[in-house]
Amino acid sequence: MRIETLAVHAGRNVDPTTGAVAAPIHLSTTFERAPDGGFPSGFVYSRDNNPNRAMLETCLAALEDGVEAVAFASGMAAITAVMEAMPRDPPRRILIPEDVYFGIRPLLARTDLAERFEVAVIDMTDLAAVAKACDQIRPGLVWIETPSNPLLQVTDIAAVVAFAHAVGAFVAVDNTWATPILQRPTAIGADFAVHALTKYLGGHSDIMIGAVVARERGGYLDNIRAAQVNKGAVPSPFECWLALRGIESLVPRFEAQCRNAVAVATFLEGHCNVTRVHYPGLASHPAHQLAMRQMRGVGGGMLSFEVAGGRPEAMAVANALGLFIRATSLGGTHSLVEHRASAEGPQTRAPESLLRLSIGIEHVDDLIADLDQALAVLTKES
């Protein structure tokens with residue numbers, strides 16, 4: 001079944017009691033036992049499981065070609081669960097990329113995970129360096145983020161999986177930016193695909209929820225499920241319901257965002273006040289060919305660009321924008337702009353001249369016109 005159909009139907013059925021086509025929201029925290037003490041519905045207590053969460057997890061597993069999905073209260077809760085649940089054999093060492101979502105760094109440096117894991121940072125786009133690190137460090141988990149945040153670097157998932165599996169390491173891929181529409185990491189060999197459903201899959205900037213999808217069953221997945229249930233980092237039934245509703249429109253919404261992103265990136269690449277555009281859909285991107293192969297020929301809906309100058313010039317452009325909203329996050333219907341260096345703080349790897357764009361579903365001509373008039377501020381200042 002194709003992803004357009006799965007996005008609408010996977011995990012859902014017409015409600016057997018009322019005939020409702022749209023799934024009801026099950027807010028009950030507890031469920032009736034049978035006379036023999038059993039639970040014929042399969043539900044006991046909403047922290048353990050809930051009908052809306054079960055529907056969402058079934059849908060996510062289908063979208064990602066996985067065997068099972070585990071939903072969490074946020075993307076960071078999902079990331080934490082993958083790391084915490086790592087089996088003690090192989091060793092508890094994690095290999096992460098240099099360009100990675102900035103929330104990963106404090107998670108591994110400022111929480112109890114810093115005492116429980118050894119962490120090595122590497123340029124994940126350098127396959128020779130990855131092979132060497134896997135051989136020397138012998139990690140238990142290799143964390144991939146592709147395209148990366150905020151420089152949109154592209155990692156060869158299949159190659160890294162081969163290096164990691166050769167030394168007994170597991171591989172998790174943050175697939176938030178690409179979505180299952182563009183790439184399915186478990187089909188490429190990764191052990192887990194991780195999502196902040198808050199972003200593209202939810203799609204409307206109104207929920208906080210995350211998930212992990214597993215390629216196969218086993219002890220690692222059992223540990224992740226145990227973390228969900230026993231630590232209580234579960235999404236509410238309403239969040240699950242909203243995520244499922246967002247997924248129904250994921251394909252046409254994301255396709256529109258990708259089309260807009262290509263046009264915006266092309267415009268920016270030719271602008272005199274832009275020094276560099278980071279977008280794998282452009283032929284000038286160093287990993288363009290890999291991206292077109294691995295991401296099904298589409299560059300995605302995110303991009304970043306560097307303006308002529310530094311932080312003052314970047315801020316001036318961001319402040320001059322009218323349609324683009326200055327805000328964190330991504331993947332919603334509105335187009336957003338953010339100066340990543342100021343958002344991430346002293347440990348940022350983002351250039352001071354860089355602005356990150358989350359492209360929405362507005363008319364692309366209006367988005368380009370907005371960027372054009374904002375970039376003109378730099379010409380006037382010079």
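**Close-up views of a predicted model**

**View 1. R138 sits in the loop between α6 and β4.** R138 is partly exposed, with a relative accessible area of 39%. (Buried means under 20% relative accessible area, exposed means over 50%, and partly exposed is in between, using a 1.4 Å probe and protein chains only.) What you're looking at is a predicted model, where local features need pLDDT of at least 70 and side-chain atom pairs count only at pLDDT 80 or more, while totals for chains, interfaces and linings use all residues. Residues are numbered from 1 along each chain as its sequence is written, and side-chain values use heavy atoms, with hydrogens and water left out. Back to the loop: α6 covers 127-137, and R138 has a phi near 55°, a positive value in a residue other than glycine. Most residues other than glycine have a negative phi. (Helices are DSSP runs of H or I with at least four residues, strands are runs of E with at least two, and both are numbered from the N terminus.)

**View 2. D65 has a positive phi too.** Here the value is near 60°, and again the residue is not a glycine. You'll find D65 in the loop between α2 and β1 (68-72). Its relative accessibility is 42%, which makes D65 partly exposed.

**View 3. Two cis peptide bonds: T146 to P147 and N149 to P150.** Omega is near -5° for the bond from T146 to P147, and near 10° for the bond from N149 to P150. Most peptide bonds are trans. Look for P147 in the loop between β4 (141-145) and α7 (157-166). P150 also lies in the loop between β4 and α7.

**View 4. Helices α2 and α11 pack against each other.** Two packed helices are described by the angle between their axes and the distance between the axes. Helix α2 (residues 51-63) meets helix α11 (residues 237-248) at an angle of about 35°, and their axes are 8 Å apart. (Axes are lines fitted to C-alpha atoms, for helices over the stretch in contact, with angles running from 0 to 180 degrees between N-to-C directions.) The crossing of α2 and α11 is left-handed; that is, the near helix is turned anticlockwise from the far one by less than a right angle. Who's touching whom? From α2 come N52, R53, M55, L56, C59, L60 and L63, and from α11 come P237, C240, W241, A243, L244 and I247. (Contact means heavy atoms within 4.5 Å.) Sort these residues by type and you get 11 nonpolar, 1 polar and 1 charged. (Ala, Val, Leu, Ile, Met, Phe, Trp, Tyr, Cys and Pro count as nonpolar, Asp, Glu, Lys and Arg as charged, and the others, Gly among them, as polar.)

**View 5. Aromatic rings pair up.** Rings of Phe, Tyr and Trp (its six-membered ring) pair if their centres lie within 6.5 Å; planes under 30 degrees apart are stacked, over 60 edge-to-face, and the rest tilted. By this rule there are 6 aromatic pairs. Take Y101 and F102: their ring centres are 5.3 Å apart and their planes are at 75°, so this pair is edge-to-face. Y101 is partly exposed at 29%, and F102 is partly exposed at 25%. F238 and W241, on the other hand, are stacked, with 6.1 Å from centre to centre and 20° between the planes. Both residues sit in helix α11, 3 residues apart, which is about one turn of the helix. F238 is partly exposed with a relative accessibility of 39%, and W241 is partly exposed at 22%. There's also an aromatic cluster made by F170, F192 and Y220.

**View 6. Helix α10 runs from residue 219 to 231.** Its 13 residues reach 17 Å from first C-alpha to last, close to the expected 18 Å. (The expected span is 1.5 Å times one less than the number of residues.) Which residues of α10 are buried? They are Y220, L221, I224, A227, Q228 and V229.

**View 7. Helix α3 is mostly covered.** In this helix (residues 75-84), 9 of the 10 residues are buried. The buried ones are G75, A77, A78, I79, T80, A81, V82, M83 and E84.

View 8. Is P280 buried or exposed? With 0% relative accessibility, P280 counts as buried. Leaving out residues up to four places away in sequence, P280 touches L152, V154, H285, H288, A291, M292 and G299. P280 and G297 are 17 residues apart in sequence, and their C-alpha atoms are 9.9 Å apart in space.

Methods:
Expected span 1.5 Å × (residues − 1).
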